[in-house]
Amino acid sequence: MRNFSLTRRGMLGATAGLSALTLGACGTAGPGSSSGDGGSASYWSLSGEPNETIYEDSVDAFNEGDQGQIELTFFQNDAYKQKIRTAIGAGEAPTIIYGWGGGGLRTYAEESQVEDVTAWLEEEADYKNRFVESVWDAATVDEKIYALPQGATQPIILFHNKTVLEDIGAEAPETWDELLDVIEKANSAGVAPISLAGQSRWTSMMWLEYLLDRVGGPDVFARIAAGDSEAWLDDSVIAMGEKVEELLEASAFVDGFESMAADSNTDQALMWTDQAALMLHGGWTFGSMKASGGDFVQSGRLGFGPFPTIEGGKGELTNLVGNPCNYLSLSSAASDEEKEVAKAFLKEGAMSDQVAADLIASGSVPVIMGQDDALAASEDAEYLQWVYSSLQEAPAFTQSWDQALQPTEAENLLVNIEQLFLGTLTAEQFAENMAAGKGA
Amino acid sequence: MTALSPATPQLAVTGAEAEAAPVQRAPSAADSRRPRGERVHISHVLFALPALAFFAIFALLPLLGVVVLSFTSWNGIGAIQFTGLTSWAETLTRSTTWQGLGLVLIMIVATWLLQTPLSILLGTFLAGQQRYRNVLAVLYFLPLLLSSAAIAITFKSLLDPNFGLATGLDMPLLKQNWLGDPVLVWGVLLFIIAWQFIPFHTLIYQGAVSQIPQSMYEAAQIDGAGRVRQFFSITLPQLKYTLITSSTLMVVGALTYFDIIFVLTQGGPGVATRILPLDMYLTGFRGNEMGVASALAVMLVVIGLGLALGVQRLGGKDASASQMEGA
């Protein structure tokens, strides 16, 4: 028989247990919605300078007015990507959602988690027309606009080290053959031809984006992004993969590139320590090379140019790939009052003239029309003007693949890209895997 | 109460007895060998309640949620759709699952083979009374204080082919494609994991070795046993149950290695280090396939429980019995 007898200790235990339970209950009942007076809206953005200060200033300036309050919270990039998805899924999204447009935005739009702002933009035509035309594509899902552009344009650029190129007797390549020539000369001179942080995978993806564009033109990926997975089997996708194989065979990428990750910026360090000739990277690396690379940028040793054309290919030298800009969406879960405050902020605060000026001062190109004078007056005028004119002249601006695609397909893509660059997948296998939706 | 380990009620009973009236002694000889905690006092139930409640809320409930999710398709934000066995079918037919499982098993065996002998030797060594051993012990335990993410980031920088140790120490031999070579990367991972966890297991063994009665060694010395003989005939057998505890922690721990690998390789190069727990995370939170990820999670739970039980079984039925009798 079991012996049940209540002792003093037993009572103590029971009380302790009960109080622990009540405490636990308090813990879960935590976040009460503390809405401020006079209307307020929450806004999540990404941490990291220089943008953090710029965006914080824009919010402070708006809050000083009488149109309501914006509560700004910053998150670290990778952490944000997961947190925002969880928050939206749980109905806890902020009023203003920071994002990248493309496939991620499409999943939010299809689940009716973000507001359709098409009609609002028609009313506010002046506001809409301030932006560079090409940025609206990635904000549009099925002919409707769900996000507003913000920040700077970040095309992918082929950077080169002028000192290294001069030493090996080569010039910045504008055709595929010239590129192969640079690779050969660099290898025989004992410097790395191309700096690439291959472990990060999206870094290798930038090569594929340009290769596919130059071989098959922008239409091939446009079909893929529109959901036509058969387009992965296009001949130009296979030709793209074969170009990668050709590069691997020529030892085009720095030794050990599979071990290098972009987050430590060692790929950029190879450039400013004169250990590599070329690097294909986002426009944002200009700023970080300027900050970390001693006088590398200031002394004019960093060169930049378009990605080479490929003979017989359809893509033009002026086609761009990369991130048009960042995007802000309105959460459908927000109250009408919150949405009003958020709209006022988006219209007057988020991309104000002050923000544009601050972005230029930080070495990037805001996606706003009529910046020529401001760019010409800036410290990095040569680079910024080149980016700005490239942006306006580009016949096509393909969005970065991992952002244009839906998240599941983007993850599959990155896994397959890494294997293509490791040489464990052939060009055909890569195309077949992607068409079949096969990931790791 | 049988689900609880026998040690807990035993302790509780002695405490309660000191307070309450002495309870009847079990008369039979067979019973006297067992701990007296077989009878359940209401206080035991009450004492266990908070723990059980927390366990139910924070372990069982989420586990149940994962089991339910494994029968759905969910992208993390949309509606959760019950799709029966679809997610399970996909989970069990994708090659990554089986590759990830294989890699996890390799991880378990390799970490155990690498860490156990080293931990036992170090633990035995550190159990000695000499002062310099205490100093060394403090040094050895340092990695235990560091977070996995910090360790991974540090090693990643040290192993960088262009700006890492090889350049810093000017030793070309160290300039390898450490994280980019599918074979080399395993050596790196096993080394770092051993570096991080051997201190912990050493600590366990050190404690166990210090508990072995000195009289046993004295007796062995009289019988003419040398150091090596003493180690194999006294120390090792006395460590049997510590070995089981440590092995359980290692085996189950290896099933959940995630942070270090995630930071160091993200499962790469290719899929060379995409072990099952990492695959689960990437599938769920990068690929947004919560159904498949949940099925993988259920697999991991089942495998983990099975392995933990299996290791316990190795120690015989009465794993908590004392070995000290007669000492």
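Predicted model: local features only at pLDDT ≥ 70, side-chain atom pairs only at ≥ 80, totals over all residues.
**Entry 1: the domains of chain A**

I first looked up how chain A is divided. Domain 1 takes in 6–153 + 325–369, and domain 2 takes in 154–322 + 397–436. I found the C-alpha centres of these two domains of chain A to be 32 Å apart.

I then asked how many residues of domain 1 of chain A are in contact with domain 2 of chain A. The contact involves 14 residues of domain 1 and 15 residues of domain 2. On the side of domain 1 that touches domain 2, α4 (102–110) and β7 (152–161) of chain A each supply at least two residues. I recorded α4(A) as the source of the largest share of that side, with five residues. Sorted by class, this side of domain 1 holds 10 polar, three nonpolar and one charged residues.

**Entry 2: helix α11 of chain A and its contacts**

I noted a right-handed crossing for α11(A) and α20(A).

Which residues meet here, in α11(A) and in α20(A)? From α11(A) I listed V237(A), I238(A), G241(A), E242(A) and E245(A), and from α20(A) I listed A427(A), E428(A), F430(A) and A431(A). The residues of this contact comprise five nonpolar, three charged and one polar.

I then turned to helix α9 (residues 202–216) of chain A, whose axis comes within 9 Å of that of α11(A) and crosses it at roughly 125°. The pair α9(A) and α11(A) is therefore oblique, and its crossing is right-handed. The contributors from α9(A) are W207(A), L208(A), L211(A), L212(A), V215(A) and G216(A). Those from α11(A) are S236(A), V237(A), A239(A), M240(A), K243(A) and V244(A). By class I recorded nine nonpolar, two polar and one charged residues in the contact of α9(A) with α11(A).

**Entry 3: annotated spans of chain B**

For chain B I consulted the UniProt record, an unreviewed entry, which places "domain: ABC transmembrane type-1" on residues 101–311. In the model, this span of chain B is 73% helix and 0% strand, and its end C-alpha atoms lie 19 Å apart.

The unreviewed UniProt entry also lists several spans of chain B as "transmembrane region", including residues 101–128 and 290–311. Residues 101–128 of chain B are 93% helix and 0% strand, with end C-alpha atoms 40 Å apart. Residues 290–311 of chain B are 100% helix and 0% strand, with end C-alpha atoms 31 Å apart.

**Entry 4: a helix pair in chain B**

Lastly I looked up helix α14 (residues 276–286) and helix α15 (residues 290–314) of chain B, whose axes come within 8 Å and cross at roughly 160°. The two helices, α14(B) and α15(B), are therefore roughly antiparallel to each other. I recorded the crossing of α14(B) and α15(B) as left-handed.

On the α14(B) side, the contact is made by L276(B), P277(B), D279(B), M280(B), T283(B) and G284(B). On the α15(B) side, I listed M290(B), V292(B), A293(B), L296(B), A297(B) and L300(B). The residues of this contact divide into nine nonpolar, two polar and one charged.

Notes
Residues numbered from 1 in each chain as written. Chains lettered and ligands numbered in written order. Domains from an automatic or database assignment. Contact = placed C-beta atoms within 7 Å. Helix = DSSP H or I, 4+ residues; strand = E, 2+ residues; numbered from the N terminus. Nonpolar A, V, L, I, M, F, W, Y, C, P; charged D, E, K, R; others polar. UniProt positions renumbered as here; feature names shortened; annotations may be inferred. Axes fitted to C-alpha atoms, helices over the stretch in contact; angles between N-to-C directions. Parallel < 35°, antiparallel > 145°, perpendicular 65-115°, else oblique. Left-handed = near helix turned anticlockwise from the far one by under 90°.
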